[in-house]
Amino acid sequence: DLIPDLDLLHSVVHVGNTLSQPRVLPLFLQLIDRYELKVDCEELLIYAAMGWDEGPLVSHFRRNGLSDEAKAVLEQLIGEPPSQGALDSLIRFLTKVDAWSDSLEASLRRVVEQQADGGYMQTLAFELLVKHGAPDEWIEQVNKISVNDDLKFRAFDVLVERQHRATIERS
């Protein structure tokens, strides 16, 4: 297995808007996907999601699901991302695969609740939380305190869609 030799934890790196990765990584991911290869150290592929949030990597995890080890790595990376670019890719990756846990929920809540405008990724994290049953009270709080206008508007829309009485009465 050549994947450990790629040292994806340290070789998939975002610097500003630039992604650095092993040159052979795209070929490996395409081969794994095309031939539906079994990967013994699947959790290492999660590090590739810091730069690859679509294509063959997503196909592999949609087809096979995430092992407990892979989910643990994903939880750790989203909880303590090495960079903003990595976090953005991981959130987009999470929207495309079927994975959820209390740890992922807590990490995504921190992303949504940060008192800085996190742009589209903050709204995407919010959408994941709504999809997984975020309570009205929390959504109402996001609507009140968020500095991200798009997030505020989306929280308001979700409350109206859910027919949240206090929100409807205010509008």
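Residues are numbered from 1 along each chain as its sequence is written, and side-chain values use heavy atoms, with hydrogens and water left out. As the model is predicted, local features need pLDDT of at least 70 and side-chain atom pairs count only at pLDDT 80 or more, while totals for chains, interfaces and linings use all residues.

The core comes first. In soluble globular proteins, nonpolar side chains tend to be buried together. Here, a nonpolar core is a set of buried Ala, Val, Leu, Ile, Met, Phe, Trp, Tyr and Cys residues joined through side-chain atoms within 4.5 Å. Buried stands for under 20% relative accessible area, exposed for over 50%, and partly exposed for anything in between (1.4 Å probe, protein chains only). The largest nonpolar core has 54 residues, and Leu74 and Phe126 touch the most other members. Helix α8 (residues 119-131) supplies the largest share of this core, seven residues. Helices, by the way, are DSSP runs (H or I, at least four residues), numbered from the N terminus.

So what does Leu74 touch? Leaving aside neighbours within four places in sequence, Leu74 is in contact (heavy atoms within 4.5 Å) with Ile46, Leu66, Leu90, Phe93, Leu94, Ala99 and Leu104. Over in helix α8 sits Leu129, which counts as buried because its relative accessibility is 2%. Not counting residues up to four places away in sequence, Leu129 touches Trp100, Glu105, Leu108, Arg109, Val112, Ala134 and Trp138. Leu129 and Leu104 are 25 residues apart in sequence, with 9.4 Å between them in space, C-alpha to C-alpha.

Next come the rings. Rings of Phe, Tyr and Trp (its six-membered ring) pair if their centres lie within 6.5 Å; planes under 30 degrees apart count as stacked, over 60 as edge-to-face and the rest as tilted. The count by this rule is two aromatic pairs. Phe61 and Phe93 make an edge-to-face pair, at 5.8 Å centre to centre with 90° between the planes. This pair links distant parts of the chain, with Phe61 in helix α4 and Phe93 in helix α6 (residues 84-96), 32 residues apart. Phe61 and Phe93 are buried. Phe126 and Trp138, on the other hand, form a stacked pair, 5.9 Å centre to centre and 25° between the planes. That pair also links distant parts of the chain: Phe126 belongs to helix α8 and Trp138 to helix α9 (residues 136-145), twelve residues apart. Phe126 and Trp138 are buried. There is a charge over a ring as well (NZ of Lys or CZ of Arg within 6 Å of the ring centre and within 35 degrees of the ring normal): Arg34 lies over the face of Tyr35, at 5.3 Å from the ring centre.

Then there are the charges. Side chains of opposite charge can pair when their charged atoms come close. A salt bridge is a side-chain nitrogen of Lys or Arg within 4 Å of a carboxyl oxygen of Asp or Glu, and a search of the whole structure turns up nine. In one of them, Arg92 pairs with Asp53, the closest N and O atoms being 2.8 Å apart. Arg92 lies in helix α6 and Asp53 in the loop between α3 (42-48) and α4, so the pair ties together parts that are 39 residues apart in sequence. Arg92 is partly exposed, at 26% relative accessible area, whereas Asp53 is buried at 8%. A network of salt bridges links Asp53, Glu54, Arg92 and Lys96.

Elsewhere, Asp40 and Lys38 meet in a salt bridge of 3.7 Å, N to O. Asp40 counts as exposed because its relative accessible area is 64%, and Lys38 is exposed too, at 71%. Glu161 and Arg154 form another salt bridge (3.2 Å, N to O), and Glu161 is exposed, with 54% relative accessibility.

Glu75, in helix α5 (residues 68-79), is buried yet has no salt bridge, and the nearest side chain of opposite charge, Lys71, is 5.7 Å away. For charge, Lys and Arg count as positive and Asp and Glu as negative, while His and the chain ends are not counted. Setting aside neighbours within four places in sequence, Glu75 is in contact with Ser101, Ser103, Leu104 and Ser107. His60 sits in helix α4 (residues 56-64) and is buried, with a relative accessibility of 3%.

Key:
Helix = DSSP H or I, 4+ residues; strand = E, 2+ residues; numbered from the N terminus.
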